[in-house]
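Trainee: I would like to learn how to read a structure feature by feature. Where do we begin?

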Amino acid sequence: MRRRITGVIILIVATIASAAAAYGFGINPPIGNVAGAFVSIAVVVLVSRVILVSDTLFYSGLVFVFMASPMGSVINLYRSFGPYDKIVHLISGFLLAALGMLIVEKLLKKSLKTDDLAALTVPMVFAACMFSSGGAGIWEIFEFLADRIAGGEMQRGMVDTVTDMIAGNIGALVYGAAALRKRKSKK
């Protein structure tokens with residue numbers, strides 16, 4: 001627990017440093033982007049407390065938040081480095097699939113009252129990938145609404161939206177293939 005708190009503190013300090021650097025370099029991100037970076041940190045901490053994720057998934061989530069919010073939105077790598085947005089969406093697909101797998105596994109263990117889920121590996125991986133795909137779609141809906149309601153510039157047209165979703169789905173498929181391979185090697 002103490003290491004997780006240290007990780008969160010490091011992320012908060014890094015977020016403050018990225019905001020200071022952005023203003024220092026004249027990037028001048030909207031205050032909503034800076035606030036959003038801190039809200040993202042809170043969301044990761046809250047989700048990790050509710051679902052009880054592994055340390056690996058927790059720290060991966062912290063790194064992802066740093067890449068997505070402070071570096072992407074505050075430092076503005078989404079606009080200044082073309083492939084950055086797709087890289088972040090690819091990673092999000094992978095992480096959402098891992099989170100989906102964790103949720104499916106916990107639900108099945110609880111309902112079936114067994115730890116032996118080997119026979120359900122393929123349906124579990126499929127469900128994890130669908131969880132990730134759904135998450136990508138929900139995120140794009142959020143971006144659309146944020147742009148329309150708050151006048152943001154998160155979406156840059158249909159090609160951007162669809163390729164973001166494709167990148168997220170590729171990340172989920174990579175996770176799915178890795179999960180199947182890992183479970184197959186355990187047999």
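**Salt bridges, a patch and a pocket**

Mentor: Begin with Asp 85, which is buried, with a relative accessible area of 7%. Keep in mind that this is a predicted model.

Trainee: Which residue does the side chain of Asp 85 meet in a salt bridge?

Mentor: The partner is Lys 86, at 3.1 Å from N to O. Lys 86 is partly exposed, with a relative accessible area of 26%.

Trainee: Is Asp 164 buried or exposed?

Mentor: Buried means under 20% relative accessible area. Asp 164 has 1%, so Asp 164 counts as buried. Asp 85, Lys 86, Asp 160 and Asp 164 are linked in a network of salt bridges.

Trainee: How many salt bridges does the structure hold?

Mentor: Six. One of them joins the side chains of Asp 55 and Arg 4, at 2.8 Å from N to O. Asp 55 belongs to helix H3 and Arg 4 to helix H1 (residues 2-24), so parts 51 residues apart in sequence are tied together by the pair. Asp 55 is partly exposed at 33% relative accessible area, whereas Arg 4 counts as buried at 14%.

Trainee: Now the surface. Which residues make the nonpolar surface patch?

Mentor: Leu 90, Phe 94, Met 158, Val 162, Ile 166, Ile 170 and Val 174 make a patch of about 610 Å². Helix H5 (84-112) and helix H7 (158-186) each supply at least two of its residues. The largest share, five residues, comes from H7.

Trainee: Where is Phe 94 found, and what is its relative accessible area?

Mentor: Phe 94 is in helix H5. Its relative accessible area is 32%, and Phe 94 is partly exposed.

Trainee: How do I read a pocket?

Mentor: Rolling a probe the size of a water molecule over the atoms shows where empty space is left. Here the second largest pocket has a volume of about 490 Å³. Helix H3 (55-74), H5 and H7 are the elements that give two or more residues to its lining.

Trainee: How many residues line the second largest pocket, and which lie nearest its centre?

Mentor: There are 16 lining residues, and Ala 98, Met 101, Tyr 175, Lys 182 and Arg 183 lie nearest the centre. By class, the lining has nine nonpolar, three polar and four charged residues.

Conventions:
Residues are numbered from 1 along each chain as its sequence is written. This is a predicted model: local features need pLDDT of at least 70, side-chain atom pairs count only at pLDDT 80 or more; totals for chains, interfaces and linings use all residues. Side-chain values use heavy atoms; hydrogens and water are left out. Patches are made of residues with over 30% relative accessible area and no salt bridge: like charges are joined within 9 Å, nonpolar side chains (Val, Leu, Ile, Met, Phe, Trp, Tyr) within 5 Å. Accessible areas come from the Shrake-Rupley method with a 1.4 Å probe; for residues, only the protein chains shown count as cover. A salt bridge is a side-chain nitrogen of Lys or Arg within 4 Å of a carboxyl oxygen of Asp or Glu. Helices (H or I, at least four residues) and strands (E, at least two) are DSSP runs, numbered from the N terminus. Buried means under 20% relative accessible area, exposed over 50%, partly exposed in between (1.4 Å probe, protein chains only). On a 1 Å grid over the protein atoms alone, a cavity is a set of points where a 1.4 Å probe fits but cannot get out, and a pocket is an open set with protein on both sides within 12 Å along at least five of seven lines; lining residues have an atom within 4 Å of a point. Grid points are joined across faces, edges and corners, and a volume is the space filled by probe spheres set on the points. Ala, Val, Leu, Ile, Met, Phe, Trp, Tyr, Cys and Pro count as nonpolar, Asp, Glu, Lys and Arg as charged, and the others, Gly among them, as polar.
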